[in-house]
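Welcome! Take a moment to look over the structure below, and then we will walk through a few of its parts together.

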Amino acid sequence: MGASLYFFFLMLCFRLGHSSLPLVINTWPFKSATAAAWRALQSGGSVLDAVEMGCARCEVDQCDGTVGFGGSPDETGETTLDAMIMNGNTMEVGAVADLRRIKNAIGVARAVMERTEHTMLVGESASVFAENMGFVAEDLTTNKSLNVFSQWLKGNCQPNYRKNVSPDPSKSCGPYGPEAVRTQCNGERHVNIHSHDTIGMIAIDGDGNVAAGTSTNGLTHKVPGRVGDSPIIGAGAYADSSAGAAAATGDGDIMMRFLPSYLAVELMRNGADPSAACKSAISRIKRHYSDFFGAIICANTTGHYGAACNNVPSLTQFHFMVETAESDAPVLKSVACF
């Protein structure tokens with residue numbers, strides 16, 4: 001009888017997903033980031049350490065050119081960075097946006113959380129804070145980003161993200177001035193899969209402690225000062241150790257309006273499994289922007305996880321990475337978009 005009861009509890013734990021903890025999951029096929037986060041956990045680090053190390057790995061590797069230095073130059077040719085990190089136990093958050101000259105954006109975000117009573121710092125003041133905290137100031141421009149910028153200038157600054165300005169932004173570079181605002185429907189946006197590859201990461205340890213974070217260099221050819229969803233709490237990522245975590249990637253200007261990561265976590269809190277929570281968060285956006293580019297990953301505190309994405313020509317399948325004690329190596333997963 002005792003052996004049977006023990007076996008029953010083992011099976012129950014398996015069904016509940018406890019055998020899948022610890023867990024690291026991140027957006028896109030950024031294997032080195034997954035491995036770095038897992039190593040942090042396995043060496044005794046916290047879930048915050050894991051998220052920071054995983055995102056930092058992508059910043060160094062310049063994952064797909066959309067994370068870290070030397071990517072996504074804005075209208076002036078400058079690369080700026082956004083990042084955030086969230087502690088699911090204390091609900092503390094640190095975030096930076098429009099960060100200049102500092103390569104380790106996720107590290108600065110954590111410094112905001114641990115060395116100030118604020119939640120987010122932005123722009124030049126965030127860079128000065130980082131330098132005061134010992135982060136090294138470096139040029140984020142590379143030959144590759146300079147070439148992207150020069151080619152854009154030669155192409156009459158196409159594409160860009162201006163509207164209701166003069167001269168006509170669909171034909172000319174700026175400087176721009178205001179024109180009468182024209183009423184527009186939700187029209188077609190410039191979609192480039194390599195302009196939206198934020199790394200979003202979730203880490204859950206064996207005790208159910210949860211953290212999440214993001215890092216990105218934003219949107220290529222963005223208007224200077226633009227901030228997307230990545231550093232926005234509840235949009236780019238959200239974590240709560242009583243429910244789980246989620247992280248989003250895609251067209252941040254659209255997605256941040258719906259706080260998909262927060263929505264997904266609240267759905268999991270109310271009993272939705274991670275896949276269903278992810279799908280509901282994407283569906284909420286689709287009702288207003290049917291052709292938006294985006295995806296989300298979700299994980300609950302038992303180690304179950306899921307993902308969902310909006311089906312558009314440039315995104316019919318979404319790939320993400322997972323590592324658990326069972327896999328003991330980063331595993332590439334995919335989900336069909338709907």
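Which residues does T198 touch, not counting residues up to four places away in sequence? They are T27, W28, F30, T66, T214, S215, T216, S230 and T249, where contact means heavy atoms within 4.5 Å.

Before going on, a word on the model: it is predicted, so local features need pLDDT of at least 70 and side-chain atom pairs count only at pLDDT 80 or more, while totals for chains, interfaces and linings use all residues. Residues are numbered from 1 along each chain as its sequence is written, and side-chain values use heavy atoms, leaving out hydrogens and water.

**Around T198**

The UniProt record, an unreviewed entry, places the feature "active site" at T198; such annotations may be inferred rather than shown by experiment. T198 sits in the loop between β6 (177-178) and β7 (199-204). Helices (H or I, at least four residues) and strands (E, at least two) are DSSP runs, numbered from the N terminus. With a relative accessible area of 4%, T198 is buried (buried means under 20% relative accessible area, with a 1.4 Å probe and protein chains only).

**A sheet and its helix**

Next comes an open sheet of four strands, in the order β9-β10-β11-β12, with antiparallel pairing. Two strands pair if DSSP finds at least two bridges between them; β9 and β10 have four. Within that pair, Y238 stands opposite A246 in β10.

| Strand | Residues |
|---|---|
| β9, an edge strand | 237-240 |
| β10 | 244-250 |
| β11 | 294-300 |
| β12, an edge strand | 305-309 |

Helix α8 (residues 260-269) packs on this sheet, touching β9, β10 and β11. Its direction makes about 150 degrees with that of β10; angles run from 0 to 180 degrees between N-to-C directions. How many of the ten residues of α8 are buried? Seven are, among them L263, V265 and M268. The buried residues of α8 pack against β9, β10, β11, α7 (252-255) and α9 (274-286). After α8 comes G271, with a positive phi near 110 degrees.

Finally, look at α4 (residues 105-115) and α5 (residues 123-132), which pack at an angle of about 85 degrees with their axes 10 Å apart. That makes α4 roughly perpendicular to α5, a term for angles of 65 to 115 degrees. V108, A111 and V112 of α4 meet A126, F129 and A130 of α5. These contact residues divide into six nonpolar, no polar and no charged; Ala, Val, Leu, Ile, Met, Phe, Trp, Tyr, Cys and Pro count as nonpolar, Asp, Glu, Lys and Arg as charged, and the others, Gly among them, as polar.

Note on methods. Parallel < 35°, antiparallel > 145°, perpendicular 65-115°, else oblique. Buried < 20%, exposed > 50% of the residue type's maximum accessible area, 1.4 Å probe, protein only.
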